[in-house]
Amino acid sequence: MSTLIKSATIIDTSSPYHNKQKDILITEGKIEKIADSIPKKDNYTVVKLDNLHVSCGWFDTSVSFGEPGFEERETIKNGLNVAAKSGFTNVAVNANTNPVIDNKSAVEFLINKANGFATSLHPIASLTQQSEGVDIAELFDMKQSGAIAFGDYKKPVSNDNLLKIALLYAQNFDGLVLSFPKNNAISGEGIVNEGINSTKLGLKGAPALAEELQIARDLFLLEYTGGRLHIPTVSTEKSVKLIKEAKKKGLNVTCSVAIHNLYLTDDELHGFDSNVKVNPPLRTQKDSKALIKGLNEGTIDVITSDHNPIDIEHKKVEFSVAKNGTIGLESAFGALNTLLDLNTITKCLSENPKKIFGLQTSSIEKGETANLSFFTTEGTSKFSKENILSTSKNSAFLGKILKGKAYGIFANNQLILNN
């Protein structure tokens, strides 16, 4: 079986064809030929799309699907199809399921359930048993079963010694430890960013300090223990500065940012729309600018959609009691394309996350396995419910103007297009 991709602009700084428009022939899952023009044959599947761009496959490092336990929010099957049509060839799935992914059989369940799909699923197992922050889970066993990292989704490690031990222990098998940046004692019952808008609206505020104190603690522990630490979804200007300084010291720390924290600010709160209730909360314009600068200068390594489907019973309620979270796969590229250049987008969606989480990297060259994301940079559109493919519809991007869109992927010898 062969797939012929016509007139595609290749975005891959590691490829000799970077920024060039070429035809790409894929046979049995491998790139057989790249040339200015490749004649089509009767048995070829031809991909010819407006303003077609191709990059190495995107990897989203923070995705929640619900299954097992919360299938009403999202199933693995539909979630992986959504990811594929949104341009993602790989997703890391969080442990916020029921039961929690905190043992090898739970890790193996996820991997087996995702077998055969175009988009590959990689479990992020829980760092602690039941994600309760008391006892460390069976990290080595879960790594052997296919877990690529360890973290309690949206739950900070409040026990300093527990994180210290986890960082020390994980070094024995090159494990990656995730620590969610939030100090619950400082944050208290805050549900939005503490500032002018929270005061105006009478909503309990969570200060930026709660995130920054936790990051400062984590970095001190990392300096003491060594090891590999990943800080997911940073959201403040000071957080970026702290991580930048730690990297200058030579600490092995990486971090990600959620797309909604780049694109949206706490000005969105004035509508009391529970879809914009997220964790960490939407911050100020100043913070968003600092996050974008952090991406451009390389301090922030990874961009994630932080895709978190929440069923209507837990979202279409009073703002103060609604669950945190927004879906983000479908809107990911269109939002990023309004903020960043293509090289930064592809580096932070593909090259960097694959290196950090230990996935195989590839290049768009002859002989390489085809792991490709398809997209267009042109055209603007208003994101609406018709664009949502997820089971849950809790998108913070509804009504927002996006630029360009994902067309789909070619991965695991399968072509998936978003028609």
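Mentor: Two strands pair if DSSP finds at least two bridges between them. Strands (E, at least two residues) and helices (H or I, at least four) are DSSP runs, numbered from the N terminus. Keep in mind that this is a predicted model, where local features need pLDDT of at least 70 and side-chain atom pairs count only at pLDDT 80 or more, while totals for chains, interfaces and linings use all residues. Residues are numbered from 1 along each chain as its sequence is written, and side-chain values use heavy atoms, leaving out hydrogens and water.

Let's take strand 5, which covers residues 52–56. On one hand, strand 5 runs parallel to strand 1 (residues 2–11), and 3 bridges join the two. Look for Ile10: its bridge partner in strand 5 is Val54. On the other hand, strand 5 pairs with strand 16 (residues 372–382) in the antiparallel sense, over 5 bridges. Here His53 stands opposite Phe375 of strand 16.

Is strand 5 mostly covered or mostly open? It's mostly covered, with 5 of its 5 residues buried. Buried is under 20% relative accessible area, exposed is over 50%, and partly exposed is in between (1.4 Å probe, protein chains only).

Now for the cores. A nonpolar core is a set of buried Ala, Val, Leu, Ile, Met, Phe, Trp, Tyr and Cys residues joined through side-chain atoms within 4.5 Å. The largest one has 74 residues, and Ile231, Val253 and Ile303 touch the most other members. Helix 4 (residues 160–170) gives the largest share of this core, 5 residues.

You'll find Leu251 in the loop between helix 8 (237–249) and strand 14 (253–258). Leu251 counts as buried because its relative accessible area is 16%. Asn184 is 67 residues away from Leu251 along the chain, and their C-alpha atoms are separated by 25 Å.

Most residues other than glycine have a negative phi, and most peptide bonds are trans. The bond from Asn98 to Pro99 is cis, with omega near 5°, and Pro99 sits in the loop between strand 7 (88–93) and helix 2 (104–113). The bond from Asn279 to Pro280 is cis too, with omega near 0°; Pro280 belongs to the loop between helix 9 (259–263) and helix 10 (285–297).

As for phi, Gln130 has a positive value near 60°. Gln130 is in the loop between strand 8 (120–125) and helix 3, and it's partly exposed at 43% relative accessibility. Asn412 has a positive phi near 50°, in the loop between strand 17 (401–411) and strand 18 (414–417). Asn412 is called partly exposed because its relative accessible area is 42%.
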